[in-house]
Amino acid sequence: MPHLEINGKPVEVPAGTNLIEAARRLNIEIPHYCYHPGLAVVGSCRMCQVEVELNGRKSIVVGCNTAAADGMKVFNNTEAIHRIRSGVLEFYLQHHPLDCPICDDAGECDLQNYYLLHGLHDSRVELTEKHHKHKVHDVGPTVVLDSERCVLCSRCARFCREIAGVDELGIFEHGGDSELLNVPGRLLENDYAGNVVDLCPVGALTDKDFRFRRRVWYLKRTPSVCTGCSRGCNIYVDWETSRSYKNPQRRIQRLKPRYNRGVNEWWICDRGRYGYHAVDAENRLTAPRTKSDGESEATVDGVLDRAAEKIKAALAKHGPKSVAVIASSSSSNEDLFLLKRLFADELKVHSLDVTLSGEPKGKEDEILMKADVSPNRRGAVEIGVQPWGGGGVAGDDIVASALDGDYEVLIVVHHDLTRMLSQKERNRLGQNCDYILYLGTHENGMCHLADDVIPIAMWAERDATYTNFQGRVQRTWRPFEPRGEALCEWRVWQELGKRLGHSLPAESVAGVFDSIGTVVASFKGLTWEGLPANGIMLTGVSEPAYRKVQSSHPLPAY
Amino acid sequence: MDIPDTLVRKSEEIFFSFPPERRESALVPLMFEAQRELGCITPDTEHWIAETVGVSLVKVREVLTFYSMLRRERAEKFLVQFCRNISCCLAGAEDLQRHVEKKLGIRNGETTADGLFTLRYVECLGGCSWAPMMLVNEMQYYQLTPEKLDRIIEGFRSGRPVPPDEPTPLLGNVGEKIAV
């Protein structure tokens, strides 16, 4: 492992580490545009030049394409380096349109940041002499290109080529006419296109979904986990609620990938990136509903009271076989744990499952996307939310039995059964079940079929953990409160438990998680406080082999 | 699109002249062959080239648009490609640009009313040692002055072109004289 010094500070790094990454370990930023740790090194932007001294030999090198060597002294802050970078920057800014006031990237732009560090020069080019290029160019369904702001770092083109596996962007023409573009008639439309906006160090590529929505300095950032599929990519929720005169419904402004080497590296797919609209969608359920006579307005307490009465009556009359629960693998570990405790352990209900064959499936690929669109199926399996004992009935059979009138009480979470049933079957289900309780997030057929409906909180409105397909337990942080009267699913089970005379373990999500850690074998030893930001593997499950999406790119020896 | 048989045969010859792991290198020679045969490389030809060489359309376009010797439109009668890179500028190319614009009465990218000349400013053409320089179709003219430019343009106008300059070593045999 080479030992080197950067700005006089010693650091030890693994062999093959480049100078930008070595400096990062010391919290020293070597300015750069074209370099990105997830992409092949091209060394084209020339911003990362540093002075290097080794064996008495002094020279100026690019930090991205120079491997750290033993005994190397690196200087990031000398007068010569400052002059070089300021010269490089002047070229970048020569024809820059200086339209920061209307640029989405202002505030997180590396032209702005590095100009403050190394620029501060006045332009030598008259405004009228500036070159003009494509200004509002539609490169694809989700991304807009402003060529005049582009610094030709080629990160986006390399991303498409190396990570998404399709050549959709290129740098065309030559010299001062060079321009990043798509081939006429071909669009940037791969499933990961949104990442080019994150990669763009300037405001050249902007996200149509976020364009002109908010100045970035108003955004608040909360780490979270994407619930769009069973991979559970790590993300940041960028949200803002105080400027309600603009899209009052919209609290989440955008999602950004959060680095997790073992899950999603630096990337997320577009399905996840734009999936957040569901959280603030107009058809969110925000209040409980009831079909019960004589109740003008449903309340959560009223619904819970009635559900408890119905369950109690069914159990007393026909025993646990008259109750069935179709839970969801979109629910968190805590939700499923309390659900299992209440229905399986306490009430001895055997007809309990999360899986239905008619569940929606997504696209699967070799990069990130998984066909299983529920974020916590592994969690449901580990916690044991499945048919059990002699009379256990699986998901599809629960539906069939319910149609036959085998249950007094049917509880359904998330699943929209009506999409899997014909109109005739729907009517039959309504008639043959004495009482259907639905817990959901959005307006759908179940809201009309069920006798009572409880609105529940979505992933961005709660602290929760999900277990991804690898067996990694990852948590979300709550940026804001649930919409309307929606409540976290585990609270519903706890309240219902109280009404049925069973006190369930804890009063807080942390407490619920900690009791999972004492009860469920594969969660043994895990605690809420001990959960790292990048998740933790279940007990006995080993970290999957790290598979870097791009081909390896060894640095030349210095 | 219809690709002439001669070009298809030639393309295979070029393609298989490279070892299997280097077949992408057929891109540039194939483009020149296509241009010779068809006069220029249209978007349809780009598709054919991409398929033939087995590279993406983006790559073909990157190469095609990079080289000023590759043409995307049928050649005008005389395409004047005028270098505006650093060596030529240091040797006075900016004044010459103004001169040639005045002489032809057109600006960058325009064609003269008689359809004879099209002017295009391009990046380095590899003639820095004899800067300032320009390329008219495939003919190179070095160490330009306003007078020499006038002579060259008049030559084309009158149908008796000034013969192109041959690159001559300015320092003689560099290896012999400068090595110590």
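Into which domains is chain A divided? In this predicted model, the assignment gives chain A domain 1 (3–77), domain 2 (93–207) and domain 3 (289–537). Chain B gets its own assignment, with domain 1 (5–66) and domain 2 (78–171).

| Chain | Domain pair | Distance between C-alpha centres |
|---|---|---|
| chain A | domain 1 and domain 3 | 52 Å |
| chain B | domain 1 and domain 2 | 29 Å |

Now for a look at one helix of chain A. Helix H3 of chain A runs over residues 110–118, and its buried residues are Asp110(A), Leu111(A), Tyr114(A) and His118(A). Why do they end up on the same side of H3(A)? Because they cover an arc of only 95° around the axis. As for what covers the buried residues of H3(A), helix H2 (79–94) of chain A is part of the answer.

Over to a glycine. Gly16(A) sits in the loop that links strand S2 (9–12) to helix H1 (19–25) of chain A. Is Gly16(A) buried or partly exposed? Its relative accessible area is 47%, so Gly16(A) counts as partly exposed. Pair Gly16(A) with Asn195(A) and you get 179 residues of separation in sequence, with 26 Å between them in space, C-alpha to C-alpha.

Key: Residues numbered from 1 in each chain as written. Chains lettered and ligands numbered in written order. Predicted model: local features only at pLDDT ≥ 70, side-chain atom pairs only at ≥ 80, totals over all residues. Heavy atoms only, no water. Buried < 20%, exposed > 50% of the residue type's maximum accessible area, 1.4 Å probe, protein only. Helix = DSSP H or I, 4+ residues; strand = E, 2+ residues; numbered from the N terminus. Arc of directions from axis to C-beta. Contact = heavy atoms within 4.5 Å. Domains from an automatic or database assignment.
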